[in-house]
Amino acid sequence: MTAPALALDGVKVNRAEVPVIHDVTLDAAPGEVTVVLGANGAGKTTLMDGIAGLAPVKSGTIRLDGTPIEKLAPYKRARAGLGYVEQARTTFRTLTVEQNLVVSQSGDGDLGTVYKLFPELDKRRTLQAGYLSGGEQQMLVLGRALVSAPKVVLIDEMSLGLAPMVVRRLMGTVGELAGMGIAVVLIEQFANLALDVGAHVHVLRKGSVVFSGPCEELRGDERRLHRLYFGGPPLSAAAGADPAAADSGGGTAPHNGSDAGKTESELE
Amino acid sequence: MLNSVIAGLSSGGGYALLGLCVVLTYRLVAVVNFAMTAVGAMGAFVMVTLTDEGLNVWLALLIGAVSAAALSGVFGAALARWFAGHREGTKAAVTVALFVALTAIGVRLFGGTSTGARQFPNPFSDPVFTVGSVVVPQSVLVSLAFAVLITVAVGLMLTRTRVGLKLQALSERPATAQVVGIPAPVLAVGVWSGVGAITMLVIVLVAPRLGGDFGTLAGLISTALAVAMVGAFRNLPLTLAGGLIVGCLEGMSASVDSIQKYQGVVPFLVILVLLWWRSRREVWDTAHSR
């Protein structure tokens, strides 16, 4: 088995001193897309911020290629090979496309690879990022992560506010990133699209992992996904649902990646 | 009066640079730095103390600038370490506290208004040329040239160098800048140190004209803030113009006997007028939105 490029072990992350992520353990292998799903408020973005260093990790370890990084400043994690595509297309709006890439470039990072992957950006090298369309801005943010020659790329809700056609195009690119040997950790609101491109999936509920397993287990199974997200049967199917499979409270679900591979009913 | 206005221009160049330093610190590290001139004054007094002891003036100038840069860098590092995630108001309050502490220490070490005036070297006091009755001293040209040089150099550095682009990225999105690998704390300390050194040099330049006591020189922060407000804490050329305008206004007020003693009020008047001018649209909009 390939050694994980990113490994979290018992990670707890606080937001404004309030515990949000509890004992999360998960891996991301190089050359694979690892999907993280969960309802709004499940703690997905806080988990990403914790890995990237934007939110404090209270306990647990985060290893990048075997090296602990949880105590490093965010820029040192980036230099160690962690790319982070934040929510909401965070381009540097007053800088041009090329300047956005140049300030992020490090080591073996190559602007040519980005322009090859996104020819749209090549045509707009000298345009200020603030004038790009939403899709192009997202391409630029992805490209910016790529020119830092990352081992791992965290991608948080890149489809937010984009047309479905653009989202499908970008999902293809996520697959290409994995094809380059990068470990991609993908948070996505369109669960089925993410499950199509992913190899492994972790579902978060109230800051804990309630499911870990191969993507194919959840692909197309909306009812099961719904139950994993919210801890109970879908309202429309509640009458016919198996009460034994339903989560009574949703807040006490077992949590951690040592349960990887088990189904949610095993976890609960 | 024209002579006074010309003399005011020499301070104006210095004020422009102080305003520029306020704008840069605000734009690049998002801090309104009230302690800036107190730090510069500390470096200036280190220098003048060394020259009083007989050290070569240029060596003393270098040591003064380095000590101001180091002190400013330490403050910058402390703010980056402990207050990075705090609001601008909190960070400004920290610098106000530092200003009060440094002024108290400076007055204690170097003396107050009545006892602590030092003789700063004034190598640019000779006139360059005279037109009619108007004398243009070297200090006017040196001060203006220094102000224009620094403004242009900073503008070029921000737009043409990789470090400058990283500083722009940092000022626009501090968190994102860090996750793309930009070393925010290192750059912040660099900005603070550079600003500390420039402030010290400006204070040495204007001290012979303004009087050489620690309190007066540390108090130049009010002038620096007024000048920065002219440039809306953003625009470098407007800040440069603002410095020259404030310098000329001070020069004019110095030439009229009846208002001479109120010369120190000029920066506050500028701040007041700008606050009124900039808020007039809000009042208009509010009135019409009812």
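**Notes on the predicted model**

1. Helix α2 of chain B covers residues 36-52, and at 1.5 Å a residue its 17 residues should span 24 Å; the end C-alpha atoms are 24 Å apart, so expectation and model agree. Keep in mind that this is a predicted model. Of the 17 residues of α2(B), 13 are buried, so the helix is largely enclosed by the rest of the structure. Just after α2(B) comes B:Gly54, with a positive phi of about 100°.

2. On the interface: chain B contributes 17 residues to the contact and chain A contributes 21 residues. On the chain B side, the elements giving two or more residues are α6 (162-172), α7 (174-179) and α8 (184-210) of chain B. The largest share of that side, six residues, belongs to α6(B). Sorted by class, the side of chain B that touches chain A has nine nonpolar, four polar and four charged residues.

3. Chain A overall: there are ten helices and ten strands. Of its 268 residues, 48% count as buried. Taking contacts in chain A between residues at least 6 apart in sequence, 68% join residues at least 24 apart.

4. Helix α7 of chain A (residues 164-179) passes the length check too: its 16 residues should span 22 Å at 1.5 Å a residue, and the end C-alpha atoms are 23 Å apart, which agrees. Which residues of α7(A) are buried? They are A:Val167, A:Met171, A:Val174, A:Leu177 and A:Ala178. These residues cover an arc of only 110° around the axis, which puts them on the same side of α7(A).

5. The packing partners of the buried residues of α7(A) are β3 (33-38), β7 (152-156), β8 (183-187) and α8 (191-197) of chain A. Just after α7(A), A:Gly181 has a positive phi of about 95°.

6. Chain A has an open sheet of six strands in the order β6-β7-β8-β3-β9-β10, with mixed pairing. Its edge strands, each pairing on one side only, are β6 (82-85) and β10 (208-214) of chain A. Direction ignored, neighbouring strands of this sheet are turned by 15° against each other on average. Helix α1 of chain A (residues 44-52) packs on the sheet, where it touches β3, β6, β7, β8 and β9 of chain A; its direction makes about 150° with that of β7(A).

7. Is β6(A) covered on one face or both faces? Both are covered, with A:Leu82 and A:Tyr84 buried on one side and A:Gly83 and A:Val85 buried on the other. Helix α6 of chain A (residues 134-146) lies across β6 and β7 of chain A and runs at about 170° to β6(A).

8. A:Gly198 deserves a look; it sits in the loop between α8 and β9 of chain A. Why does A:Gly198 count as buried? It has 29 other C-beta atoms within 10 Å, and the cut-off for a buried residue is 20 or more. Setting aside neighbours within four places in sequence, A:Gly198 is in contact with A:Val33, A:Thr34, A:Val35, A:Leu186 and A:Cys215. From A:Gly198 to A:Gly41 the separation is 157 residues in sequence and 22 Å in space, C-alpha to C-alpha.

9. A further open sheet in chain A has four strands in the order β2-β1-β4-β5, with antiparallel pairing. The edge strands, β2 (18-28) and β5 (67-68) of chain A, each pair on one side only. Within this sheet, β1 (residues 6-15) and β4 (residues 57-64) of chain A run antiparallel and are joined by six bridges. The bridge partner of A:Val13 in β4(A) is A:Val57.

Terms used. Residues are numbered from 1 along each chain as its sequence is written. Chains are lettered from A and ligands numbered from 1 in the order in which they are written. This is a predicted model: local features need pLDDT of at least 70, side-chain atom pairs count only at pLDDT 80 or more; totals for chains, interfaces and linings use all residues. The expected span of a helix is 1.5 Å times one less than its number of residues. A residue is buried if 20 or more other C-beta atoms lie within 10 Å of its own, exposed if 12 or fewer, and partly exposed in between; C-beta atoms are placed from the backbone. Two residues are in contact if their C-beta atoms, placed from the backbone, lie within 7 Å. Ala, Val, Leu, Ile, Met, Phe, Trp, Tyr, Cys and Pro count as nonpolar, Asp, Glu, Lys and Arg as charged, and the others, Gly among them, as polar. The arc is that of the directions from the helix axis to the C-beta atoms. Two strands pair if DSSP finds at least two bridges between them. Axes are lines fitted to C-alpha atoms, for helices over the stretch in contact, and angles run from 0 to 180 degrees between N-to-C directions.
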